[in-house]
Amino acid sequence: MEELRILLEKYINQDLAQLVLSAPRKGREESKVRVRPLLLKGCLKFQAEIFRGTQAFHENLDRESVIERILKWLEDTFCQLQLMAAEGSVTALVSKKGKVTVKEKRQPGKEGNEASRVKPVSLEHNRKKRYLLEEGRPVPFLVDLGVMTEEGRVVRARYDKFRQINRFLEFIEDVLPSLPSDRELTILDFGCGKSYLTFAVYYYLRECRGLDVRIIGLDLKADVIQKCSELSKKYGYEKLTFLQGDIAGYEGCQQVDMVVTLHACDTATDYALYKAVKWNAKVILSVPCCQHELNAQIKNETLETVLKYGLLKERIAALVTDGLRANLLEQQGYETQILEFIDMEHTPKNILIRAVKRPGTKEAGRTEAYERCASALHADLTLDRLLCAGSSPAEAYRRRKEGGERG
């Protein structure tokens, strides 16, 4: 940790923009920690915002104390650190064996990309929430999509969408250290729809972070694909393309680094997750939708008094489906978390499955615990069948259609 300590002492000052600790180890309550500088009674302090479940706790520490806390968190709680400051950025990854990999990237001088440099930091105690895409700075695709005005003001009726976009970008930012940094990244967005988030990810990674990334959006609706393609061409986004097609039948890539699937209906999520596993994608971000498959299967004598109520049965089936999917991804060597995407008050479909392939992780295969759970609930998920069969999703999808199954 000595190399990291030296860098923390270098960057932990009033010019720190943000430091994020993420990727918690199994069994830990904390899901994330954010650290930022602030002035309290004229003294420079560092506020640690600690997330546990749906709550956030705050501690104000001096410089030496916060450095020690950060190092301690990386020793026993988190596997990932990302720091952004005026002079540069630092990423750190901790392997399962405790090996620490640290990378520093200096910010360019005046000749560098203006968008990639970190702005001066506000040290106010009650400062306005910092969004990755800032209000007041016009973003072309947000203007065209009706989220912002031409002056950069967020349209009040679309503020929830603006927060949702920024929340998703926070998930993207958290996983960047897990992705290759020495070559072009390929990201696939299955069921991209109007592509608010697809455009946001491209804009943030290429325009703001200066990364070499290619993004492909896939959707069944021809008119949606045409509109998104026109916008991409308008903005000069050469490496953002949109294609018409279904998730299971897509065979256009040999290597994919990240798979995104938002609100893919029912078993379409399973096909997207399966393809991601077969591509050995480093990161999977999935917000499932309409889990009908298990709802039609689920049976349990002990739970019958609860399952007889349709609404409760539907919600239980949805939660169990996503829990089993997450477990299946763990069996394939992914470190998997179930996270809240946006507040429940905005939509009940707010669960995000985040899976990150850690270096050195191996496939574990079916576990007895999974078998017991699936058997007790009569669960036979499409993702499980695909992983067991080992057939291509396109072939499995064709056979399912020929057999007249609903998907």
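**Close-up views of salt bridges and strand pairing**

**Figure 1. Arg214 is partly exposed, with a relative accessible area of 29%.** Partly exposed lies between buried (under 20% relative accessible area) and exposed (over 50%), with a 1.4 Å probe and protein chains only. Glu184 is likewise partly exposed, at a relative accessible area of 26%. The model is predicted: local features need pLDDT of at least 70 and side-chain atom pairs pLDDT 80 or more, while totals for chains, interfaces and linings use all residues. Residues are numbered from 1 along each chain as its sequence is written, and side-chain values use heavy atoms, with hydrogens and water left out.

**Figure 2. Arg214 and Glu184 are joined by a salt bridge.** Their N to O distance is 3.7 Å; the term denotes a side-chain nitrogen of Lys or Arg within 4 Å of a carboxyl oxygen of Asp or Glu. This pair links distant parts of the chain, 30 residues apart: Arg214 belongs to strand 9 (residues 213-219), and Glu184 to the loop between helix 4 and strand 8 (185-190). Helices (H or I, at least four residues) and strands (E, at least two) are DSSP runs numbered from the N terminus.

**Figure 3. Glu184 also meets the side chain of Lys239 in a salt bridge of 2.8 Å, N to O.** Glu184 is in the loop between helix 4 and strand 8 and Lys239 in the loop between helix 6 (222-235) and strand 10 (240-244), so this contact ties together parts 55 residues apart in sequence. A network of salt bridges links Glu184, Arg206, Asp212, Arg214 and Lys239. In the whole structure, a search finds 23 salt bridges.

**Figure 4. Asp174 and Arg354 form a salt bridge, their closest N and O atoms lying 3.6 Å apart.** Because Asp174 lies in helix 4 (residues 159-175) and Arg354 in strand 14 (residues 351-357), the pair ties together parts that are 180 residues apart in sequence. Asp174 counts as buried at 4% relative accessibility, and Arg354 counts as buried at 4% as well.

**Figure 5. Strand 13 pairs with strand 14 in the antiparallel sense.** Seven bridges join the two strands; pairing requires that DSSP find at least two bridges between them. Within this arrangement, Thr336 stands opposite Ala355 of strand 14. Strand 13 (residues 334-340) is largely enclosed by the rest of the structure, because five of its seven residues are buried.
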